[in-house]
Amino acid sequence: FDITPWRQAERERQSALEREQAFHRSTRVFIQRILDMIPDPVYVKDAAGRYILVNEAFARERAMPPEEILGSTALNLTGELEARETSLREDAEVLAGSEIFKEQHSTHPVRGAEVFRVVSKRRSTDSDGQPVIVGAHFDLTRWKLAERSLQQSLERERELRERVQTFTQRLIDVIPQPVYVKDAQSRYIMVNEAFAEDQQRPASELLGATPEMFPGDAAHVQLVREEDARVLSGEVLLKEERRRHALT
C-alpha cells in the first residue's frame, strides 16, 4: 500500500504546527517587549489570581526576577494581610465585571517607603477566551511629595504673613494718633485703635469701608477721593486741616 500522500500530508501538518508554535512564541516575545517599554508596573493575572504576565517595571518594583513572579499570587508577594485581602476582594470584583480605578496611598512592598499611585484593574480574556485581570500602577509619588512640600511651604508662608500682620497691627496700635491704610479703591484695609476710637466704631466694622460709608457731606467725600487719587499717582500730601468732627 502506497502511503506517500498521507505521509506528505502529515509532514505538511507538522510543518504548519511548528510555524504556528513559532509564531505564538514570537508573538509572546513581541507582547513582552511592548509591556517592558511601559515605565509603570503592568501585569496580567488568571482567574485564580496567579500572575501569568508581568513587565520589567513590575518585577523591579518587587525586586524579583519575572520568572519568580509568574505563577505566584498576591498571597506570595504581599506581606501585609490587609493588602492581600484587598487584592483578593478587588480581583473578585473585576472578574464579576467591575472596574477598579483608584488612588492608593501605601508603602513600597520592598523599600517600605511612602508610595502614591493610581491603580487600575480591568477584566479581559486570554487567547483561549478565559477571563483574566489586567492591572497597571501609575506612580504619583514624586508629584504627591512635591505637592505636599509646596503645601507645607504655603502654610509656613501663611503663618509668617499672619505673624507679620499681627506684629504690624500691634505696632500701629501703640501709636496714639489715628493711623490707617487704604487700597486703590479707597477701602480701609488696616486701622489702628486710635483711628477706631476716633470714628467711635470697632475696627472690624471699619475694614472694607469706603469714604461714602462715613458721616459727612458729599463735598468732603469728593475731597477724600481726590486726595487718595493724588497720593496713588505719587504725590505726597502734608496739610493742616481744620473742620468739625463728624461725630461730635
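**View 1. Tyr-43 and the aromatic rings around Phe-58.** Tyr-43 counts as buried because its relative accessibility is 3%. This legend, like the others here, describes a predicted model. Phe-58 is buried too, with a relative accessible area of 0%. How far apart are the ring centres of Tyr-43 and Phe-58, and at what angle do their planes lie? The model contains eight aromatic pairs. In this one, the centres of Tyr-43 and Phe-58 are 5.4 Å apart and the planes are at 55 degrees, so the pair is tilted. Tyr-51 is buried, with a relative accessible area of 5%.

View 2. Arg-62 lies in helix 2, which covers residues 56-62. Is Arg-62 buried or exposed? Arg-62 is buried, because its relative accessibility is 12% and the cut-off for buried is under 20%. Beyond its neighbours within four places in sequence, Arg-62 is in contact with Ile-69, Leu-77, Thr-78, Pro-109 and Val-110. Ala-63 sits in the loop between helix 2 and helix 3 (66-69) and is exposed, with a relative accessible area of 55%. The backbone of Ala-63 is worth a look: its phi is near 55 degrees, a positive value in a residue other than glycine. For background, most residues other than glycine have a negative phi.

**View 3. Helix 5 and what covers it.** Helix 5 takes in residues 81-95, 15 residues in total, and reaches 21 Å from its first C-alpha to its last, close to the 21 Å expected at 1.5 Å a residue. Which residues of helix 5 are buried? They are Thr-86, Ser-87, Glu-90, Asp-91 and Val-94. Seen down the helix axis, these buried residues fall within an arc of 130 degrees, so they line one face of helix 5. Among the elements covering them are strand 1, helix 4 (74-77), strand 3 (100-107), strand 4 and strand 5. On the other side of helix 5, Leu-81 and Glu-82 are exposed. Just after helix 5 comes Gly-97, with a positive phi of about 115 degrees.

**View 4. Strand 5 and its two antiparallel partners.** Strand 5 (residues 131-139) pairs with strand 1 (residues 42-46) in the antiparallel sense over five bridges. In this pairing, Asp-46 has Val-132 of strand 5 as its bridge partner. Strand 5 also pairs with strand 4 (residues 114-125), again in the antiparallel sense, over nine bridges. Here Arg-122 stands opposite Val-134 in strand 5. The hairpin of strand 4 and strand 5 has five residues between the strands, and Gly-129 in this hairpin takes a positive phi near 85 degrees.

**View 5. An aromatic cluster, with an arginine over one ring.** Which residues form one aromatic cluster with Phe-214? The cluster is made of Tyr-180, Tyr-188, Phe-195 and Phe-214. Arg-201 lies over the face of Phe-214, at 5.3 Å from the ring centre. Gln-200 is found in the loop between helix 7 (193-199) and helix 8 (203-206). Gln-200 counts as exposed, at 55% relative accessibility, and has a positive phi of about 55 degrees although it is not a glycine.

How values were computed. Residues numbered from 1 in each chain as written. Predicted model: local features only at pLDDT ≥ 70, side-chain atom pairs only at ≥ 80, totals over all residues. Heavy atoms only, no water. Helix = DSSP H or I, 4+ residues; strand = E, 2+ residues; numbered from the N terminus. Buried < 20%, exposed > 50% of the residue type's maximum accessible area, 1.4 Å probe, protein only. Contact = heavy atoms within 4.5 Å. Pairing = 2+ DSSP bridges. Expected span 1.5 Å × (residues − 1). Arc of directions from axis to C-beta. Phe/Tyr/Trp six-rings, centres within 6.5 Å; stacked < 30°, edge-to-face > 60°. Lys NZ or Arg CZ within 6 Å of the ring centre and 35° of its normal.
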